[in-house]
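Please look over the sequence and the 3D structure shown below before reading on. The report is meant to be read with both in view.

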Amino acid sequence: MTQEYRRENTSVSLINYHFIWIPRRRKRVLTGSIKNRLETLIHDKSRELDCEVISLAVEPDHVHLFLNCPPSLAPYQVMHRIKGSTSHALRKEFPVLLKLPSMWTRSYFVSTAGNV
């Protein structure tokens, strides 16, 4: 499957990022209804950021996300917004997550990826 280039007024781009991040203390909390809700939140936030989810895999102790983004967004901005909004919503909806000092660690992995 070949992806389409993003065409804007002054640019043509194909920017795909592979993100990986983990819950605080690498706790295995991303299961069941928490996992399902997280997937929905990531898709919603990605659309809001004008990004397209290429692939999403939520494991009990980490998240893999391949994302196609516009050139106006830096990877740190994408992660900041996705991790911030998902943390806020999940901790509000699932009180068991309030036992963690925060939902996510501050760190993440990002790599560029060509046609995924």
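This report goes from the whole chain to single residues and pairs.

## Basis of the model

This is a predicted model, in which local features need pLDDT of at least 70 and side-chain atom pairs count only at pLDDT 80 or more, while totals for chains, interfaces and linings use all residues. Residues are numbered from 1 along each chain as its sequence is written, and side-chain values use heavy atoms, with hydrogens and water left out.

## The chain as a whole

The protein chain has 2 helices and 6 strands. Both kinds of element are DSSP runs, numbered from the N terminus: helices are H or I runs of at least four residues, and strands are E runs of at least two. In sequence order the pattern is β-β-β-α-β-β-α-β. The radius of gyration of the protein chain is 15 Å, close to the 13 Å that the globule rule gives for 116 residues, so the chain is as compact as a globular protein of that length. That radius is taken over C-alpha atoms, and the globule rule is 2.2 Å times the number of residues to the power 0.38.

Along the principal axes, the C-alpha atoms of the protein chain fill a box of roughly 45 × 25 × 25 Å. Of the 116 residues in the protein chain, 40% are buried. Buried means under 20% relative accessible area, exposed means over 50%, and partly exposed lies in between (1.4 Å probe, protein chains only). A contact means heavy atoms within 4.5 Å. Among the contacts in the protein chain with a separation of 6 or more, 67% are between residues 24 or more positions apart.

## A buried strand residue

Leu67 is part of strand S5, which covers residues 62-69. Its relative accessible area is 0%, so Leu67 is buried. Leaving aside residues up to four places away in sequence, the contacts of Leu67 include Ile15, Tyr17, Phe19, Cys51, Val53, Ile54, Val78 and Ile82. Leu67 and Thr112 are 45 residues apart along the chain, and their C-alpha atoms are separated by 9.7 Å.

How many disulfides does the structure hold? The structure holds 0 disulfides, a disulfide being a pair of cysteine sulfur atoms within 2.5 Å. The closest cysteine sulfur to that of Cys51 is in Cys69, at 3.2 Å, which is too far for a bond. Cys51 is buried, at 7% relative accessible area, and Cys69 is also buried, at 0%.

## Salt bridges

The structure holds 6 salt bridges. A salt bridge is a side-chain nitrogen of Lys or Arg within 4 Å of a carboxyl oxygen of Asp or Glu. One of them joins Asp50 and Arg6, with the closest N and O atoms 3.4 Å apart. This pair links distant parts of the chain, 44 residues apart: Asp50 is in the loop between helix H1 (32-48) and strand S4 (52-59), and Arg6 is in strand S1 (residues 6-7). Asp50 is partly exposed, with 45% relative accessibility, whereas Arg6 is buried, with 15%.

Another salt bridge is formed by the side chains of Asp61 and Arg28 (3.8 Å, N to O). Asp61 lies in the loop between S4 and S5, and Arg28 in the loop between strand S3 (15-21) and H1, so this pair ties together parts that are 33 residues apart in sequence. Asp61 is buried, with a relative accessible area of 13%, while Arg28 is exposed, at 58% relative accessibility. Asp44 is partly exposed at 35% relative accessibility, and Arg47 is exposed with a relative accessible area of 56%. Salt bridges that share partners also join Arg26, Arg28 and Asp61 into one network.

## The surface

The protein chain exposes about 6,800 Å², and carbon and sulfur atoms supply 50% of this area. Accessible areas come from the Shrake-Rupley method with a 1.4 Å probe; for residues, only the protein chains shown count as cover.

Which residues make the nonpolar surface patch of about 280 Å²? The patch is made by Tyr76, Tyr108 and Val110. Patches are made of residues with over 30% relative accessible area and no salt bridge; like charges are joined within 9 Å, and nonpolar side chains (Val, Leu, Ile, Met, Phe, Trp, Tyr) within 5 Å. Tyr108 is placed in the loop between helix H2 (75-93) and strand S6 (109-113). With a relative accessible area of 32%, Tyr108 is partly exposed.
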